[in-house]
Amino acid sequence: MNTLREFSSTVLVAALGSAFGAVMLICSSVFAGWATASGLGQVAEVQGLLDFISYVFLGLALYVAAIVTANTCSTVIAGRTRVLALQRLLGAPAGRLRRAITGTGLLVGAVGALIGTAVAAGIGLTGVAVLQDRGTLPEGEYAVLAPYLLVPAIAVVLTTTAAFFVGSRRVLTVRPLEALSSTVEARPEDLRGSRLRSVTAVLLVVVGAAVLLLGVVTSAGSTGAVLVTMAGGFLSFTGVTVGAALFVPPVLALVGRIGAGNPAVLLSGRNALRAPGRSSRATMGLVIGVTLLVTFGVLLAMYQQRIVPALAEEAGVPEETFAAITAIVTFLSGFSAVIAAVGVVNALALGVLQRRREIGLLRAVGFTGAQARTMIVVEAVQMVVTALVLGTALGVLYGWAGTVSLFGGLVDAPLTPALSAGTVLLVVVGGLLIAVLASLGPVRRVTRVAPTEALAVA
Amino acid sequence: MTHSTSPVIRLEHVTKRYGGTVTALDDVSLDLAAGEFTAIMGPSGSGKSTLMHVAAGLDSADQGSVFVDRQEITRLGDKELTQLRRRRIGFVFQSFNLVPTLDVAENVRLPFVLDGRRPTREEQQRIDGLIRRLGLADRVRHRPSELSGGQQQRVAIARALATRPPVIFADEPTGALDTRATREVLGILRDVTREEGHSVVMVTHDAAAAAVADRVVVLSDGRIRDDRRGLTADQISSAVLALEASA
């Protein structure tokens, strides 16, 4: 039970992921029930499309969730190095220790999936009952509690377990002698990563960018160009994710320099680079969310502001429908950002937990409580700003490339990217909200660190 | 307790309890003279660490008054206490003295940085001198994890001395070091402070370490049991052992 509490935020991530997937599938199923009851045709095709969209967004959300979970797992393990080393010293094989941690992942994933699915089913049942009561939904068959709910649940259990397996890799490298070492600071994280990983990342980015460009260039003559562009986007973004430890730290370092004359800001910036891999991954989760939001934001804004006016005689989508589509797409793409936000909370909270002595030392030699609080908030802001910068840049590129490939053939004038004020506001305000909310708990905890904690011997 | 100069630390009838039942300090009065190296000794739980925490503004007294450099600190708020520690007290702890993300030079400059200012040219010269003197000149760009335990303690001493505080508190500064590094760190602490006129208050359970001090104060059960000058390590050992035997 103690383990579950330590990983309570990971349970939350699993629950969010499975609830998200289940709600989407329930919506699709309820829609099919409504279409059947209303006597519409092609129900199976439409439901198939809705299910497909659900699985794509569920896949994206679970990918972000897996990054967050693996990161939390490896952070917790980094904090437990001494205990693990002691177990190794006393004869526990590394493989068995790792299996135990992977087993925890199975438990965490199962509990999260159970909670998430239950919540989603509750939302679905209540929603259908209310809509039927109000007469919005006609009498008919609405399959809420159906076997399809198992799909997101099982997917969450599997990804969570896999994430724990990946995140616990470090257990294999804990040396028994570390139990005896007197240095408190863990040995620095290996910054170089594997060369293969870097090469793969750069290759994916370069090839992906080339394919993306090909899609854009050929868009005037071919209707299939958008598929080429999508392939390019997917390849290059996979490259960015694989090489996060390569691309994110320089941006973090740059953002960390802003205002580094202030000691609290200086220390936040340094701290983000203490475990560059870990901060990169925490930031990367947010980057994925922001990129998705901005990509769709640019697509929709360019369609409305550039394409529709150019094709004046053909009526565009009605205003209301467009607003509804925007809302749904924003929700679907923004959900990954919500999961990523939990990752930022984790990174900060564990950071404070594992740095109590360091914070005590700073307090002893003259860091005020207010400075300590500032340090934590700035850490969150630096991560969010980095994610906003990277995500917006990527999103604008992908959104622009996508629009040009889709509609470039129909419009003569060169297309420039557009972004609605709503999207900008959502991303910036949402980002700052995440930063503030993420730092609330850790800030409360940092205030409770007494200067005398620096003097504790253990 | 008769001193010609005014004391740098003064405790007047200080009492400190934990959880209402454990009395860590029981009506302790003590004057520590400027420029003097004092060792605070005593068995575990004697109150020696509490004495240091209260005298250094790291913890508050329940009763009595504490003066640092003639300023009463008993009723100061957290912010004023933090400022006092930053400007007028130097600290050397047993381990984990340095901020791991800052290099040696940055750690030494930390009290200035926390004060929101750069060292003046004179202060920087003094810092450079300290770094050279402590044999850290070729280490200024190194992170603490790249240094030996003895080197880390020397950096901590340089940081403690950087702002020229009237008093330096050292809590078991050699507790995590081997014999050679212990001798080296104690020698530096004694020589540098003697030359520069700093007061040093060192909490230790090691009689050999306490022997470098000008004065040895022995605590047990929250009270001062012995307070003498010019003792040898053997004399200190037997004094502490006698206390432990009677406890």
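1. In what order do the 4 strands of the open sheet in chain B lie? This is a predicted model, and in it the strands of chain B follow the order β2-β1-β4-β5, with antiparallel pairing in an open sheet. The edges are taken by β2 (22-33) and β5 (71-72) of chain B, and because each of these has a single partner strand, one side of each is left without a neighbour in the sheet.

2. Turning to chain A, the domain assignment divides the chain into domain 1, covering 1-180, and domain 2, covering 191-458. The centres of domain 1 of chain A and domain 2 of chain A, taken over C-alpha atoms, are separated by 22 Å. To the contact, domain 1 of chain A gives 19 residues, while domain 2 of chain A gives 21 residues.

3. On the side of domain 1 of chain A that touches domain 2 of chain A, the elements that give two or more residues are α2 (8-37) and α3 (43-79) of chain A. The largest share of that side comes from α3(A), with 13 residues.

4. What classes of residue make up the side of domain 1 of chain A that touches domain 2 of chain A? That side has 12 nonpolar and 7 polar residues, and no charged residues.

Definitions and conventions
Residues numbered from 1 in each chain as written. Chains lettered and ligands numbered in written order. Predicted model: local features only at pLDDT ≥ 70, side-chain atom pairs only at ≥ 80, totals over all residues. Pairing = 2+ DSSP bridges. Domains from an automatic or database assignment. Contact = placed C-beta atoms within 7 Å. Nonpolar A, V, L, I, M, F, W, Y, C, P; charged D, E, K, R; others polar.
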